[in-house]
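Biologist: I'm new to this one and would like a close look at a single part. Could you walk me through it slowly?

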Amino acid sequence: MANLKISAAPHIHSGASSNRIMLDVIIALLPATAAAVVIFGMKSLSVLLSCVLTAVIGEALFNIVCKKKQTVGDFSAVVTGLLLALNLSTNVPVWQCVVGTLFAIICVKCIFGGLGRNFANPAITGRVFMLVAFSAVAGGANPTIVDVATSATPLEQLGKGETVELMDLFLGLHGGAIGETCILALVIGFVYLLVRKVITWHTPVVFISTVFVLYMVFTGDVHMALSQILAGGLFIGAIFMATDYVTTPITTRGRVVFALGCGVITFIIRYFCAYPEGVSFSILIMNILTPFIEKLTAKEPLGGVK
Amino acid sequence: MRPKKNISTLKLHHHKHTAASQSVRIAPPKEVLLPMTMHAGAPAEPIVAVGDYVRVGQKIAERGEKGFSSPVHATVSGTVTAIEPYTQADGRSVQIIRIESDGKMEKDPAIKPPVANDVEEFLEVVAESGIVGLGGAAFPLWGKLAAVRRNQIDTVLINGAECEPYITSDHRMMVEHSDLIVKGVEILRKWMKSKRFVIGIEDNKPDAIVKLREAFAGDTSVEVLPLPSIYPQGAKQVLLYNVTGQVVKGGQRLASLGVIIINVSSLAKLAQYMEDGMPLIDRIVTVDGSAVKEAKNLVAPIGTPIEHLFEQAGGLNCEPGKVLIGGPMLGIAVKSMSEPTQKATNAILAMTEKEAKTFEPTACIRCGRCVANCPVSLNPAALARAAELEDEDQRFIRLQEYSIGQCIECACCSYVCPAHKPLMAQNLQAKRFVKKYKAEHTTEGRN
C-alpha cells in the first residue's frame with residue numbers, strides 16, 4: 001500500500017483528449033483528401049505532402065530551436081498543413097506550398113505560443129498570405145478526371161453571369177482548390193465531426209444558411225443561391241475553419257454570432273466586390289473580432305451579481 | 001415555479017453496483033479516530049482525557065465557541081488512548097481523539113430521548129446530536145435549522161439526488177428507512193412550520209421513489225420528485241433551480257428565499273435521534289471500486305479506519321492505484337489506509353492502478369467543453385487564464401470579473417477538459433487567493 005496515488009478531484013475523466021480531437025479532424029478531412037486525389041490526380045498529392053510535411057517539420061524545428069517542449073505529437077500541425085493544402089489548387093508549385101505553410105505554422109501559430117494561443121486560424125492566414133504573395137493560388141486548376149471546357153472556377157463563371165450544374169458542384173467536378181470542390185466529401189466529414197461531438201452544428205449551418213438567405217434576398221434566384229453556397233470554399237471553410245476552437249468564440253451563442261458575421265462578410269465580398277471569393281477573408285476578420293464577440297455574448301453566471 | 005428547462009450537464013456512468021445491497025452493520029473496529037473537524041465551522045473541543053473509559057454515544061468533545069460547531073460523540077465503547085494532532089488526507093492538520101474499542105459497543109446509560117418545548121430548545125437538542133450534513137458538506141444541521149430564527153422556511157428540499165457515481169448510501173437509507181424520513185418530515189413540520197416538502201431523487205433510484213411515495217401516500221404537502229440522473233443534480237444551486245426555479249444570488253443565504261435543503265440521510269438521523277436520543281455515531285458507507293472484492297453498503301461507526309471497511313468488504317483483489325474517501329468526482333485521495341471515515345463520508349472507493357492513471361495537462365485549445373458543461377454558466381477556461389496572471393491586482397480583478405465566487409466546485413470542467421487541465425483545483429486555489437486578497441486589502445483600508 002506504499003504507492004497510493006494522490007491527486008486532486010475529480011478522479012474520473014470523460015476520456016476526451018486534445019490529441020483525439022485533432023485526430024478526429026484529420027479523419028473527417030480524409031474523404032475530402034481522397035476526393036482531391038481522385039478529382040485532381042497525382043499532382044494534388046504533391047501539394048498535400050509538401051504542406052503536411054512542412055507543417056510538422058516546421059513546428060518540430062521551431063520547438064527544437066527555441067528549446068520548447070515538443071508538441072508535434074498533438075497532431076495540430078498535421079491539421080494545419082492538411083487544411084492549407086486542401087485550400088490550394090494544383091497550380092501552386094511545391095516551393096510556394098512550403099513557404100506558405102512555414103508562414104502559417106511559424107508566424108501565425110508558433111511565435112504566438114503554439115497551440116491554443118494563436119488569434120487567427122493558421123491555415124486561413126497562410127492561404128491569405130499566399131493569395132497576396134503568389135498569383136497562382138487564386139485560380140483553380142482543372143480536374144483531371146473530367147473534360148472541362150473552361151479553366152474558370154464556378155465562382156468566376158457565376159460572376160460572369162454563366163450558370164453551373166448543381167450536381168457537378170456537389171460532386172466537385174470543377175476547377176478550384178483541391179479540397180473545397182467535393183461537397184459530398186466535406187459533408188461526410190461534417191457528419192463524422194458531429195457524431196464524434198467534436199463540433200456542434202451551429203457554426204457551419206448558420207454560416208452557410210446566412211450566405212444562402214442573403215443571396216435569396218438579393219437575387220431571388222434559388223439556383224443562384226444554391227450555386228453560391230456549393231461553389232468555392234464555403235463548405236470547407238464553414239465546416240473545418242470557422243469551427244476551429246482556438247480562433248472562434250468559446251460559447252455557443254458566440255459561435256452563432258461568429259458564423260453570422262462570416263456569412264454576411266462572405267456575401268458582401270462575393271456580391272459587391274470584384275473579388276470572387278470571400279470565405280477566407282470573412283473567417284480571418286471574424287477571428288480578429290472573436291475576443292469582442294466572446295465578451296458581448298458571455299452568459300450571466302447563475303446567481304451572479306453585477 | 002419549476003423551470004421549463006433543467007440545468008443539465010454531465011451524464012456519467014452511474015456505477016451504482018451497490019444499489020440493491022442491504023446495508024450491513026460491521027463488527028466494531030479495534031480503534032476509531034475521531035477528528036474534531038468533521039463538520040464545517042469551528043472545531044469541537046475535547047472534554048475527555050487520555051485513559052478515560054467512554055461508552056457509545058457519550059459526548060467526548062463539545063461545540064467550539066465560535067460560530068456554528070458540532071459536538072463529537074464516542075462511536076465505540078473503550079478507552080481514550082490519545083488526543084493528538086493528525087494530518088488529514090486533505091492536508092489539514094487537525095486534532096483527533098483515538099479510542100481503542102473493547103468490542104462490547106456498550107451504550108452510554110445516560111442516553112434518553114431529547115425533550116424540547118420550544119424552537120430554541122429544539123435547536124439546542126439538535127446541536128447536541130452532532131448531526132451534520134451527511135451528503136458531503138458537513139454543515140451542522142442545527143445551524144441550518146437555525147435559519148428559522150430569521151426567516152419563515154416555507155419549503156424544505158430533501159436532497160436524495162445522490163448524483164455521484166458509485167455512492168448508494170442515501171439510496172439505501174431511503175429504501176430501508178422510509179419510516180424515519182416520514183418522522184423527520186413530521187419533526188420539521190412541527191418545529192420549522194414548513195408547508196411544503198419536496199424530496200428530490202434521481203430517477204436511477206426507482207425503488208426509493210416508489211418506497212417514499214408509498215410512505216407519503218395521502219400527504220399532499222410532500223412531493224416525491226424524480227429528477228434526471230445527471231451530475232451534479234444534488235448540488236445546492238442546481239437542485240434548488242431544477243426543483244423551484246429559484247436561484248441563490250451571490251452573498252445571499254438560501255434561507256432568505258424561504259427554503260432549506262437537507263440531505264435525506266441527515267433527516268433520517270435526526271428522526272432517529274429525536275426518537276431514542278442516540279447521537280450521530282454511525283452511518284451507511286458505500287464500499288466500492290474495481291479493486292474491491294465485494295462492493296457493499298456497511299453501517300460503520302464514524303472514525304473507522306478505511307482499511308477495516310475494505311476488510312469487511314472481502315478485502316481487495318489487487319494492489320489499489322488510488323483510494324478515495326467520497327465519490328470519484330469530489331472525493332479525496334488518501335495516502336494511508338488507516339485514514340478514518342468521517343461524519344460526511346458516504347463512500348470509500350478503491351481504484352485499480354489503471355483507473356488511477358493521471359494525464360499531464362496540455363495547452364487549452366478553447367474547445368468550450370468546460371463552458372458548455374458548467375452548471376452555473378461560468379467560463380472555466382477564462383478563470384484558469386485569470387488565475388495564471390502574475391500580477392495579483394490584475395488576477396483579483398479578472399477572477400472577480402469572471403465570477404469565481406459562483407463556482408459550485410462540482411468538477412464538471414476538469415472532467416470534460418481534453419487538455420486534462422485541473423480546472424476545479426485551480427478554481428479552489430483561486431477562491432482562496434480572492435479571500436486572502438480581500439482580507440489583506442480591507443485591513444489596509446482600515447489602517
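Let's take strand 14 of chain B: how many of its six residues are buried, and why is it largely enclosed by the rest of the structure?

Modeller: Happy to, and keep in mind that this is a predicted model. Strand 14 of chain B covers residues 296-301, and five of those six residues are buried, so the rest of the structure largely encloses the strand. To count as buried here, a residue needs 20 or more other C-beta atoms within 10 Å of its own.

Now for the strands it pairs with. Strand 13 of chain B, residues 282-288, runs antiparallel to strand 14 of chain B, and six bridges join the two. To find your place along that pairing, look for B:Thr286, which stands opposite B:Asn297 in strand 14 of chain B. Then there's strand 1 of chain B, residues 24-25, which runs parallel to strand 14 of chain B and is joined to it by two bridges. Here, B:Val24 has B:Leu298 of strand 14 of chain B as its bridge partner. As a rule, side chains in a regular strand alternate between the two faces of the sheet.

Finally, the two chains touch, with 49 residues of chain B and 33 residues of chain A taking part in the contact. On the chain B side, those residues split into 31 nonpolar, 13 polar and five charged.

Key
Residues numbered from 1 in each chain as written. Chains lettered and ligands numbered in written order. Predicted model: local features only at pLDDT ≥ 70, side-chain atom pairs only at ≥ 80, totals over all residues. Contact = placed C-beta atoms within 7 Å. Nonpolar A, V, L, I, M, F, W, Y, C, P; charged D, E, K, R; others polar. Buried ≥ 20, exposed ≤ 12 C-beta atoms within 10 Å, placed from the backbone. Helix = DSSP H or I, 4+ residues; strand = E, 2+ residues; numbered from the N terminus. Pairing = 2+ DSSP bridges.
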